[in-house]
Amino acid sequence: MDPKALTALGELLGDRLRTSLETRICYSYDATGKRFLPDAVAFPDNAEEVRRIVLLANRHRFPVVPRGAGSGFSGGSLPVHGGVVLSTERMDRIVAIDGENLYAVVEPGVVTETLKEEARKRGLSYPPDPASLKFCTIGGNIAECAGGMSAVKYGVTRDYVLGLEAVLGTGELVRTGVATAKGVVGYDLTRMLVGSEGTLGIVTRATLRLLPLPQTAVTLLALFPGNRQSAEAVNAIVAARVTPSAMELMDRTAIDCVQAAVPVPLPEGTGSALLLEVDGPEGSVAREADLLAEACRASGALEVRRASDAQGREELWKLRRSISPGLRRVAPVKLNEDIVVPRSRLADMFEFLAALASRKRVRIVNFGHAGDGNIHVNVMISGTDPEETRRAEEAVEEVYRKTVEMGGTISGEHGIGIAKAPFLEMEVGPLGVSVMKRLKDCFDPNGVLNPGKIFLEERMVRR
């Protein structure tokens, strides 16, 4: 970077501009494990400072890479071209929670769980629940359009973003959307910014929709001989016109990960599991839980366990949350994918993944949000064997191709970043990529925001 640029940034931010090697290393990586060293890390306190940083970037031509908690799995917050990592962690205020009009106004550095807890205290709910909710931030959730386990009933982040304040690549501050239940004035710039991964603008404030908190919930664990029976149960539940608030599927490889961390007695022959939850008014929840259990038994469940008290539900959910930590016992490195296929093709995809693992001689652990067809495909490798890594990368590409062939999408909630950029055209086609690039040019004509993300470039580093 131009020393004059660093001087100007220092004058703006003081000791909130860090250039020490230690700090730069801490902000050089995310959950992908890839590392790209920034030239500096900026910690703005407000939208005006964000705006002035972007204006300096345009004047001195350095990249600005916005960052929330660095918990992403696609490389969206990595400074692949150096420049300045702009951390929003100091912008962490919940500005307002309006219980009468059912919305909250927050800054991007608010931790997702913090917002959920503050809403819960008021009898309200902010439904999006990404697995990293204890440390990920609202700004990152918006940038990636984060999902989670409740998406089957409640939708994803974009369904709760009413309006945004964001700094565009020009340094201009734009306000989009509304704080009302309806609003159709002009183009929907709010939805355009949600999921744009920091390439169109840097979110500095968000108005988010809230819901009344459900009265109660019941959790069920259904154990099946195999994935096909689990998938049939998912379709049977949908056919019964019951919409669970969570519908999580774990194949045998994922169950083995859980067993290593949280030993659970299982019926002989267990090859797959469905973790289900229904919420709402007390009377309807009990009735819907009965329907779920019936659908699972009719689809060949070996056993259905049920919990309605908080402790029992927590014990069942501990199984699902133990999968990711348990993966490290399988292998130290994972290629983490989040494909989505039509629900009717879930069983076919699980069969394909099992055959692929055998053919490529790699371990693949599968689990995910069965209610919306979202499978987390984890290709587990040592990271020290080049031949194994090559086979794993080939396996990932085959997964993408099969997903598109089945009418699905290569990313349901993790985003594109740099990890999936080489495969973007596979799904949206060359014209789709061209339209997206032209859109970015409108929001960021000098290309200072998050360069090297989403669109494949010469310097793009593949896996």
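At what angle do helix α8 and helix α13 pack, and how far apart are their axes? I began my notes with this question.

**Basis of the entries.** I worked from a predicted model, in which local features need pLDDT of at least 70 and side-chain atom pairs count only at pLDDT 80 or more, while totals for chains, interfaces and linings use all residues. Residues are numbered from 1 along each chain as its sequence is written, and side-chain values use heavy atoms, with hydrogens and water left out.

**Entry: α8 and α13.** I found that helix α8 (residues 227–239) and helix α13 (residues 346–360) pack at about 160°, their axes being 8 Å apart. α8 is therefore roughly antiparallel to α13; the term applies to angles over 145 degrees. Axes are lines fitted to C-alpha atoms, for helices over the stretch in contact, with angles from 0 to 180 degrees between N-to-C directions. Helices are DSSP runs of H or I with at least four residues, strands are runs of E with at least two, and both are numbered from the N terminus. The crossing of α8 and α13 is right-handed, that is, the near helix is turned clockwise from the far one by less than a right angle. On the α8 side I noted N227, R228 and A231, which meet L346, A347, D348, F350 and E351 of α13; contact means heavy atoms within 4.5 Å. By class, this contact has four nonpolar, one polar and three charged residues. Nonpolar covers Ala, Val, Leu, Ile, Met, Phe, Trp, Tyr, Cys and Pro, charged covers Asp, Glu, Lys and Arg, and polar the others, Gly among them.

**Entry: R361.** I looked next at R361, in the loop between α13 and β17 (363–369). Its phi is near 55°, a positive value in a residue other than glycine. Most residues other than glycine have a negative phi. R361 counts as exposed because its relative accessibility is 55%; exposed means over 50% relative accessible area and buried under 20% (1.4 Å probe, protein chains only).

**Entry: α1 and α3.** Helix α1 (residues 3–13) packs with α3 at about 165°, with the axes 10 Å apart. That makes α1 roughly antiparallel to α3. Their crossing is right-handed. In this contact α1 contributes K4, A5, A8, L9, L12 and L13, and α3 contributes E49, R52, I53, L56 and H60. I counted by class seven nonpolar, one polar and three charged residues.

**Entry: the sheet.** Five strands form an open sheet with antiparallel pairing, in the order β5-β6-β10-β8-β9; two strands pair if DSSP finds at least two bridges between them. β5 (94–98) and β9 (173–177) are the edge strands, each pairing on one side only. The twist averages 15° from one strand to the next. Helix α3 (residues 47–60) lies across β8, β9 and β10 (201–209), at about 45° to β8.

**Entry: β8 and β9.** Five bridges join β8 (residues 161–168) to β9. I located E165 opposite R175 of β9, and G163 has G177 as its bridge partner. The two strands form a hairpin with four residues between them, and G171 in the turn has a positive phi of about 90°.

Entry: What does S196 contact beyond its neighbours within four places in sequence? I found A143 and I454. S196 lies in the loop between α7 (189–193) and β10 and counts as buried at 7% relative accessibility. E197 is found in the loop between α7 and β10; E197 is buried, with a relative accessible area of 4%, and has a positive phi near 60°.

Methods
Angles under 35 degrees count as roughly parallel, over 145 as roughly antiparallel, 65 to 115 as roughly perpendicular and the rest as oblique.
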